[in-house]
Amino acid sequence: MTNLTLSQVTKTFDQTRALDGVGFTVASGERVALLGHNGAGKSTLMKIILGLIPFDSGTVTVMGDAPGSHAARRQVAYLPENVAFHPALTGLEQIRYYLRLRGENPGAAMGLLERVGLSDAAKRRIGTYSKGMRQRVGLAQALIGNPRLLVLDEPTSGLDPVSRREFYAMLDELATEGAAILLSSHALTEVEARTDRIVILSKGVMVANDTLAALRRQAALPTHLQVIARPGAADAVAAQLHGARMNGVMVNLTCAHDEKLARLGQVTALGAMIEDVEVIPPSLEDIYSHFSLQADGRAIR
Amino acid sequence: MTRIFASAGAEFRIALRNRWVTIAVTMMALFSIVLSAAGSAPTGVLGADKLSVTVASLTSLAVYLVPLLALLMSFDAVAGEVERGTLPLVLTYPVSRAELLLGKFVAHLMILGLAVAVGYGIAAAAAITIDPHASAGIPALIRLFWTSLLLGAAFIAIGYALSAIARRPGAAAGLAIGLWLAMIVLYDLGLLAAVVADSGGYFTIHVFPWMLIANPADAFRLYNLAASEATAAAAGIGGAASTIPAAHALASIILWPLVGLVLATLAFRKVTP
Ligand SMILES: Nc1ncnc2c1ncn2[C@@H]1O[C@H](COP(=O)(O)OP(=O)(O)OP(=O)(O)O)[C@@H](O)[C@H]1O
Ligand SMILES: [Mg+2]
């Protein structure tokens with residue numbers, strides 16, 4: 001089932017074209033990462049999905065309803081970027097309030113705060129919380145009442161590495177239960193391993209929408225092979241493979257994706273001269289730059 | 001309903017933590033004590049019991065103080081949330097903007113009611129201790145209490161509307177102070193000047209009474225004074241009070257909170273987070 005459908009969404013602020021014909025879907029159980037430079041339109045798109053701001057043209061369907069309608073809001077959870085709460089309330093009071101707004105039992109508040117590791121600070125005022133702790137309150141409220149669609153704007157900003165891992169584990173659980181998840185992030189490495197599909201926005205234009213593997217194929221970026229030679233054999237290895245020697249033992253090779261196996265064959269043919277070989281596929285950073293830059297070029301032309 | 005009470009509960013807690021409850025109650029109590037002390041000397045009003053006289057002075061005090069307290073509590077309601085950045089998240093919850101405003105309204109009205117009850121209670125207790133016949137004034141006191149709530153409700157709602165229009169707490173505070181000055185102080189002065197200039201003409205007879213009840217603060221004063229003849233003599237605009245039916249003044253103070261809430265909701269709907 002498709003929990004979120006966007007088609008040809010366009011939004012202009014005064015002079016800025018924030019979104020230009022953006023269209024993609026997020027299905028039940030799917031985790032989609034929304035990537036893009038600062039000002040690419042990620043937060044704007046999310047606010048449109050939540051019905052917080054109007055859009056100029058295109059269609060948006062959230063759980064079969066209009067964005068921001070009562071029915072849609074009941075099934076959607078949101079974590080804004082730079083989430084803020086009233087500093088005078090405690091974390092527990094704040095979550096109890098949100099539970100009651102959703103018609104849930106406020107008694108569940110402590111359990112939610114425990115899930116995000118805030119049970120010790122639950123009875124302290126949010127004004128005394130650190131940035132990461134406020135972010136966790138934001139996560140806790142996004143978990144209220146089995147949302148069918150979670151829209152998370154930079155959910156891991158301010159979280160420490162351990163909490164990030166816990167956060168993605170939590171997302172996995174939610175996705176397994178059938179929730180659709182759309183999250184934006186600037187931390188590409190964590191998104192790489194933890195999401196099913198990647199959407200890249202560049203100046204409001206969607207320049208990519210596919211799985212990481214497919215994007216890698218489309219981008220056809222070179223793969224790097226790092227060959228470690230036996231002591232003293234580095235020069236010979238570099239000469240034989242037409243590679244560049246980096247230091248005493250390492251030789252770098254670059255090849256297209258479909259030449260990779262042939263190249264590896266040549267390396268193994270050298271037998272005893274080789275200590276080890278490492279295959280380094282293009283990283284998400286490389287793929288991301290490829291698609292963003294490509295779009296820039298198009299814009300200039 | 002649960003959503004309105006949920007938001008009222010959170011708002012009441014915030015007001016408690018921000019000392020708003022303490023400030024409002026202390027302010028009303030202090031003024032009542034001063035008023036009782038000043039009024040403890042024998043007054044010249046014949047046949048009036050002590051409490052009725054107290055109610056008359058409380059009425060003139062409430063006209064200034066209740067709108068002020070109401071505006072002080074309400075000007076931050078929308079603008080403050082915009083400034084803190086708490087609005088986008090709560091607006092994605094399945095709760096309407098009207099419900100959010102009503103929640104705040106219930107909380108703020110409760111605080112105002114508490115402050116007014118404490119203040120009037122002190123003044124009434126002082127009057128009853130001095131004058132054994134003071135219980136005759138209790139109906140007037142009760143009337144003063146619920147009309148004060150209506151007056152406060154009107155200005156709380158108007159404060160929300162200003163808050164939503166201003167969108168920034170600083171601007172909202174400025175608007176609230178300006179409104180208080182205009183409606184409570186300048187309005188009467190302006191009307192008075194117009195009446196003097198008109199010297200009993202068409203304006204004084206046909207326009208002035210309506211303009212008087214159009215302002216909730218004046219309607220409040222008129223209703224309370226008209227309803228208690230014993231104190232009408234003590235009032236400056238007693239003459240005008242006699243030409244306006246009390247029911248019209250009452251209608252004005254009942255309508256204003258509703259009009260204010262509608263205006264506030266409309267203004268709040270225009271706020272994009
Ligand atoms: N309320 C607004 N008024 C005018 N322009 C706006 C408004 N909100 C966003 N924009 C513009 O729309 C564009 C997209 O902004 P948006 O906040 O969606 O970017 P983003 O992708 O979330 O960036 P970041 O990674 O920095 O969070 C920017 O050029 C921004 O200046
Ligand atoms: Mg953003």
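In helix α3 of chain A, the buried residues are A:Gly91, A:Leu92, A:Glu93, A:Gln94, A:Ile95, A:Tyr97, A:Tyr98, A:Leu99 and A:Leu101. That makes nine of its 11 residues, and the helix counts as mostly covered. Keep in mind that this is a predicted model.

What covers this helix? The buried residues of α3(A) pack against α4 and α5 of chain A. They also pack against chain B, through α1 (2–17), α5 (87–91) and α6 (97–130) of that chain. After α3(A) comes A:Gly103, with a positive phi near 70°.

Take the partner α5 of chain A next. Two packed helices are described by the angle between their axes and the distance between the axes. Helix α3 (residues 91–101) and helix α5 (residues 131–142) of chain A have axes that come within 10 Å and cross at roughly 25°. Angles under 35 degrees count as roughly parallel, so α3(A) and α5(A) are roughly parallel to each other. The crossing of α3(A) past α5(A) is right-handed. Which residues meet there? From α3(A) come A:Gln94, A:Ile95 and A:Tyr98. From α5(A) come A:Val137, A:Ala140 and A:Gln141.

An α-helix has 3.6 residues a turn, so residues three or four places apart point the same way. Look for that spacing in the residues just named.

Now turn to α4 of chain A. This helix covers residues 109–115 and holds A:Leu113. Is A:Leu113 buried or exposed? Buried means under 20% relative accessible area. A:Leu113 has 0% relative accessibility, so this leucine counts as buried. Neighbours within four places in sequence aside, A:Leu113 is in contact with A:Gly91, A:Leu92, A:Ile95, A:Leu118, A:Ser119, A:Ala122 and A:Ala140. A:Gly91, A:Leu92 and A:Ile95 are among the buried residues of α3(A). A:Ala140 is one of the α5(A) residues that meet α3(A). A:Pro147 lies 34 residues from A:Leu113 along the chain, and their C-alpha atoms are separated by 17 Å.

Another covered helix of chain A is α1 (residues 42–49), where seven of eight residues are buried. These are A:Lys42, A:Ser43, A:Thr44, A:Leu45, A:Met46, A:Ile48 and A:Ile49. Just after α1(A) comes A:Gly51, whose phi is positive, about 75°.

Some residues other than glycine have a positive phi too. A:Asp14 has a phi of about 35°. Where is A:Asp14 found? Its place is the loop between β1 (2–13) and β2 (16–22) of chain A. Exposed means over 50% relative accessible area. At 77%, A:Asp14 therefore counts as exposed. The second case is A:Ala220, with a positive phi near 50°. A:Ala220 sits in the loop between α8 (212–219) and β11 (223–229) of chain A. Its relative accessibility is 52%, so A:Ala220 counts as exposed.

Step back to chain A as a whole. How many helices and strands does its secondary structure have? There are 11 helices and 14 strands. The domain assignment gives domain 1 (2–216) and domain 2 (222–281). Taken over C-alpha atoms, the centres of these two domains are 44 Å apart. The C-alpha trace of chain A spans about 70 × 50 × 35 Å along its principal axes. Of its 301 residues, 49% count as buried. Among contacts in chain A with a separation of 6 or more, 66% join residues 24 or more positions apart.

Helix α3 (residues 50–74) and helix α8 (residues 169–198) of chain B have axes 10 Å apart, at an angle of about 160°. Over 145 degrees counts as roughly antiparallel, so that is the label for α3(B) and α8(B). Their contact uses B:Val63, B:Tyr64, B:Pro67, B:Leu68 and B:Leu71 of α3(B). From α8(B) it uses B:Ala176, B:Leu179, B:Trp180, B:Ile184 and B:Val185. The crossing of α3(B) and α8(B) is right-handed.

B:Asn224 lies in helix α10 (residues 216–227). At 4% relative accessibility, B:Asn224 counts as buried. Which side chain makes a polar contact of 3.0 Å with that of B:Asn224? The partner is B:Thr147. Beyond neighbours within four places in sequence, B:Asn224 is in contact with B:Thr59, B:Arg143, B:Leu144 and B:Thr147.

Note on methods. Residues numbered from 1 in each chain as written. Chains lettered and ligands numbered in written order. Predicted model: local features only at pLDDT ≥ 70, side-chain atom pairs only at ≥ 80, totals over all residues. Heavy atoms only, no water. Helix = DSSP H or I, 4+ residues; strand = E, 2+ residues; numbered from the N terminus. Buried < 20%, exposed > 50% of the residue type's maximum accessible area, 1.4 Å probe, protein only. Polar contact = N/O pair within 3.5 Å; in protein donor to acceptor, adjacent residues only side chain to side chain. Contact = heavy atoms within 4.5 Å. Domains from an automatic or database assignment. Axes fitted to C-alpha atoms, helices over the stretch in contact; angles between N-to-C directions. Parallel < 35°, antiparallel > 145°, perpendicular 65-115°, else oblique. Left-handed = near helix turned anticlockwise from the far one by under 90°.
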